[in-house]
Amino acid sequence: MIFVTVGTQLAFDRMVRVIDEWAGRTEPRPEVVGQIGPSDLVPQHIDHRAFVEPGEFAELADRADAIVAHAGMGSIITALTYGKPIVIMPRRADLGEQRNDHQLSTAARFAGRPGVFVAKDEHELPGILDSLRGLTAGEPIPPFADPNLIQTIREFIDRGQ
Amino acid sequence: MSVKKRRILAVASGGGHFVQLRRMRPAWEHCEVHYLSTLADYARELEPGAKLHLVNDANRWDKIGVARMAMRVAWTLIKLRPDVIVSTGAAAGYFALRFGKLMGARTIWVDSIANAEELSLTGRMVEKYADLWLTQWPDLAGTDEAQGPRYVGSVL
């Protein structure tokens with residue numbers, strides 16, 4: 001199963017439309033579950049809903065063979081935690097998909113990390129979807145932050161009255 | 001003799017901010033823990049004993065939503081009187097640090113790892129109110145020449 005997610009806030013039709021079209025012409029028909037945000041777009045070839053609760057989000061990520069997502073940190077960290085390959089496509093502010101272009105820099109920074117694959121736009125995405133079965137993830141990452149970050153915060157908490 | 005546990009309020013909007021916040025939880029495992037976020041379903045995944053408080057989500061173009069959020073955050077702070085507030089963002093975290101400072105809490109801001117090229121807008125706005133002001137990217141940290149947040153590691 002391929003789990004598609006656009007995050008908790010905004011729709012991302014430019015990505016979802018391409019995935020829907022790809023699913024429609026691919027044989028055998030891939031099983032795709034899409035969390036597509038608040039959108040007027042009605043995908044024809046994939047199972048879809050606007051939002052999923054966090055618990056179901058985790059279950060879908062765990063069950064998925066691969067994740068296709070906007071370049072949001074929730075999606076990326078979830079994929080890394082469950083050891084799933086993830087394809088990320090950045091939102092663009094000039095198309096009204098996001099308030100700034102931080103997803104472009106997120107995609108640039110995470111490109112090349114084991115298990116993270118970047119589709120820079122809707123034209124690159126179908127080719128990557130075609131090769132999805134061959135993509136492999138890195139080892140699942142530990143569930144917690146850098147020990148030095150945790151220790152710094154813990155010491156700050158303990159220093160006070 | 002028992003020592004009263006510190007009360008910590010950990011604040012993040014739903015999604016990536018909350019996922020990042022949760023990865024730091026060993027830092028406050030010895031505290032009385034409260035979370036403030038935007039999705040009720042998070043209550044199911046919290047550590048035993050931790051409590052979830054809710055706030056509406058809003059971005060800065062939604063003036064009424066932002067006002068409601070600010071009031072909700074203020075009310076939660078008045079109710080809880082946390083010793084320490086920690087946030088990864090976004091707007092709710094800004095309000096929590098800002099109001100929390102007025103009430104004498106000590107405050108921690110960990111700017112989202114999504115902000116790799118420059119600090120988030122709230123991350124910049126919160127500078128004055130953050131006792132511990134952190135970025136997750138070494139190249140965004142302050143230097144001898146330029147003021148900036150500290151870098152001590154990331155959530156990954």
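Let's start with two neighbours: strand β2 (residues 32-35) of chain A is tied to β3(A) by three bridges, and the two run parallel. This is a predicted model, where local features need pLDDT of at least 70, side-chain atom pairs count only at pLDDT 80 or more, and totals for chains, interfaces and linings use all residues. Residues are numbered from 1 along each chain as its sequence is written, while chains are lettered from A and ligands numbered from 1 in the order in which they are written.

**The sheet**
- V33(A) has D47(A) of β3(A) as its bridge partner.
- Zooming out, six strands of chain A make an open sheet with parallel pairing, in the order β3-β2-β1-β4-β5-β6 (strands pair if DSSP finds at least two bridges between them).
- β3 (47-49) and β6 (116-118) of chain A sit at the edges with a single partner strand each, so one side of each has no neighbour in the sheet.
- From one strand to the next, the twist averages 20 degrees (axes are lines fitted to C-alpha atoms, for helices over the stretch in contact, and angles between N-to-C directions run from 0 to 180 degrees).

**A helix on the sheet**
- Helix α1 (residues 13-25) of chain A packs on the sheet and touches β1 (2-5), β2, β4 (66-70) and β5 (86-89) of chain A (contact means C-beta atoms, placed from the backbone, within 7 Å).
- The direction of α1 makes about 165 degrees with that of β2(A).

**The whole chain**
- Chain A has six helices and six strands (DSSP runs numbered from the N terminus: H or I of at least four residues for helices, E of at least two for strands).
- Along the sequence, the pattern of chain A reads β-α-β-β-α-β-α-β-α-β-α-α.

Notes: Two residues are in contact if their C-beta atoms, placed from the backbone, lie within 7 Å.
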